Amino acid sequence: MSMLAIRDLHSGYGDVPILHGFDLDIEERMIGAVVGANGAGKTTTMRAVAGILPTWRGEISLAGERIDGLTPRQRVEAGVVLVPEGRKLFPSMTVRENLELGSLHPRAKAARAQTLEQVFDIFPRLLEREGQKAGTLSGGEQQMCAIGRGLMSLPRLLMLDEPSLGLAPIIVQTIFDIVRRIREEGVTVLMVEQNVRHALALSDRAWVLEQGRVEFEGAGQEMLNDDRVRKAYLGM
Ligand SMILES: Nc1ncnc2c1ncn2[C@@H]1O[C@H](COP(=O)(O)OP(=O)(O)OP(=O)(O)O)[C@@H](O)[C@H]1O
Ligand SMILES: [Mg+2]
């Protein structure tokens, strides 16, 4: 069964349609990547799955259960967690306080101490910096903190919007290693990445989004060798 199943998804902003109906299936414990040009609707897709934007038509299911009627908060409780583009941390709060903001719903709150330990195990750097204001962290550390906050919500599906944006190449590698590690912990990951080569190499399945539709999809490795992808996204 798919962890995430999107069917004929239509959504947009106000009355402006952006997503024009497409299907997307990601199996449990897989890494999926959505790629596409600026403005293709990648962020919009994640917002619709998270419930920040309404589903106008179509269906979204998590592990076989419809979630498109749920509020954003209910979706987080169900295990749908979005780490937004630009991290969106509270700069004047400490690393630990930012992490704890991820564990507000009852199930996450009950497991908070244990989850925090796991997060610090994945991100030893955050443990070193736990009392430091998030605004003073480097870009890579801020991304770690944002992902850590997402993990504090106990996701079944973790969506990462441009996790490597603006980071130095060596940190980008660290972030991708962390994505792999998170999958090993049993979490399904759906990521949007402008770093297409890296993202495809890492992912089990990938979708190319163009103007609010899936143009084509395939296994990540397969897509790396696809002429259309190589031309449009890998500059070859
Ligand atoms: N808050 C908003 N209100 C109205 N239109 C928006 C809003 N945010 C995005 N859009 C429009 O929706 C379309 C899709 O945007 P989206 O942010 O999903 O693209 P994207 O694929 O994530 O692009 P990028 O690579 O630039 O992040 C674009 O035409 C954009 O102008
Ligand atoms: Mg975007």
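Val95 sits in helix α3, which covers residues 95-100. The model is predicted. Val95 is buried, because 28 other C-beta atoms lie within 10 Å and 20 or more are needed to count as buried. Apart from neighbours within four places in sequence, Val95 contacts Leu126, Arg129, Glu130, Gln132, Ala134 and Cys145. Arg149 lies 54 residues away along the chain, yet the C-alpha atoms of Val95 and Arg149 are separated by 9.2 Å.

The overall fold can be described next. The protein contains 11 helices and 11 strands. Its C-alpha atoms fill a box of roughly 45 × 40 × 35 Å along the principal axes. For 236 residues, a compact globule would have a radius of gyration near 18 Å; the protein has 17 Å, so the two agree. Buried residues make up 43% of the 236. Among contacts with a separation of 6 or more, 67% join residues 24 or more positions apart.

What does the interior look like? Nonpolar side chains tend to be buried together in soluble globular proteins. Here, the largest nonpolar core has 67 residues. Those with the most contacts inside this core are Leu4, Cys145, Leu158, Met159 and Val189. Helix α7, residues 139-152, supplies the largest share of the core, with six residues. Met159 touches Met46, Val49, Ala50, Val81, Leu82, Val83 and Leu190, with residues up to four places away in sequence left out.

Helix α7 deserves a separate description. Its 14 residues should span 20 Å at 1.5 Å a residue. The C-alpha atoms at its ends are 20 Å apart, so expectation and model agree. The helix is mostly covered, with 11 of its 14 residues buried. The buried residues are Gln142, Gln143, Met144, Cys145, Ala146, Ile147, Gly148, Arg149, Gly150, Leu151 and Met152. Cys145 of this buried set is also one of the residues that Val95 contacts. Just after α7, Leu154 adopts a positive phi of about 55°.

The loop from α7 to β8 holds Pro155. Pro155 counts as buried because it has 22 C-beta neighbours inside 10 Å. Its contacts, leaving aside neighbours within four places in sequence, are Gly79, Val81, Gly150 and Val187. Val81 is also touched by Met159. Pro155 and Pro124 are 31 residues apart in sequence, and their C-alpha atoms are 20 Å apart in space.

The following loop connects β8 (157-161) with α8 (169-184) and contains Pro163. Pro163 is buried, because 24 other C-beta atoms lie within 10 Å. Beyond four places in sequence, its contacts are Val83, Gln143, Ile147, Ile175 and Met191. Two of these partners, Gln143 and Ile147, are buried residues of α7. Val83, another partner of Pro163, is touched by Met159 as well. Met191 is 28 residues from Pro163 along the chain, with 7.9 Å between their C-alpha atoms.

Glu162 lies in this loop between β8 and α8 too. Is Glu162 buried or exposed? It is buried, because 20 other C-beta atoms fall within 10 Å and the cut-off is 20 or more. Its phi is near 50°, a positive value in a residue other than glycine. Most residues other than glycine have a negative phi.

Lys88 also has a positive phi, near 55°, and is not a glycine. Lys88 is placed in the loop between β7 (80-83) and α3. With 13 other C-beta atoms within 10 Å, Lys88 is partly exposed.

The description ends with the ligand. Which residues are around ligand 1? They are Tyr13, Val16, Ile18, Gly36, Asn38, Gly39, Ala40, Gly41, Lys42, Thr43 and Thr44. The elements giving two or more residues to this shell are β2 (16-20) and α1 (42-50). Helix α1 gives the most, with three residues.

Note on methods. Residues are numbered from 1 along each chain as its sequence is written. Chains are lettered from A and ligands numbered from 1 in the order in which they are written. This is a predicted model: local features need pLDDT of at least 70, side-chain atom pairs count only at pLDDT 80 or more; totals for chains, interfaces and linings use all residues. A residue is near a molecule or strand if its C-beta atom, placed from the backbone, lies within 6 Å of it. Helices (H or I, at least four residues) and strands (E, at least two) are DSSP runs, numbered from the N terminus. A nonpolar core is a set of buried Ala, Val, Leu, Ile, Met, Phe, Trp, Tyr and Cys residues joined through C-beta atoms within 7 Å. A residue is buried if 20 or more other C-beta atoms lie within 10 Å of its own, exposed if 12 or fewer, and partly exposed in between; C-beta atoms are placed from the backbone. Two residues are in contact if their C-beta atoms, placed from the backbone, lie within 7 Å. The expected span of a helix is 1.5 Å times one less than its number of residues. The radius of gyration is taken over C-alpha atoms; the globule rule is 2.2 Å times the number of residues to the power 0.38.
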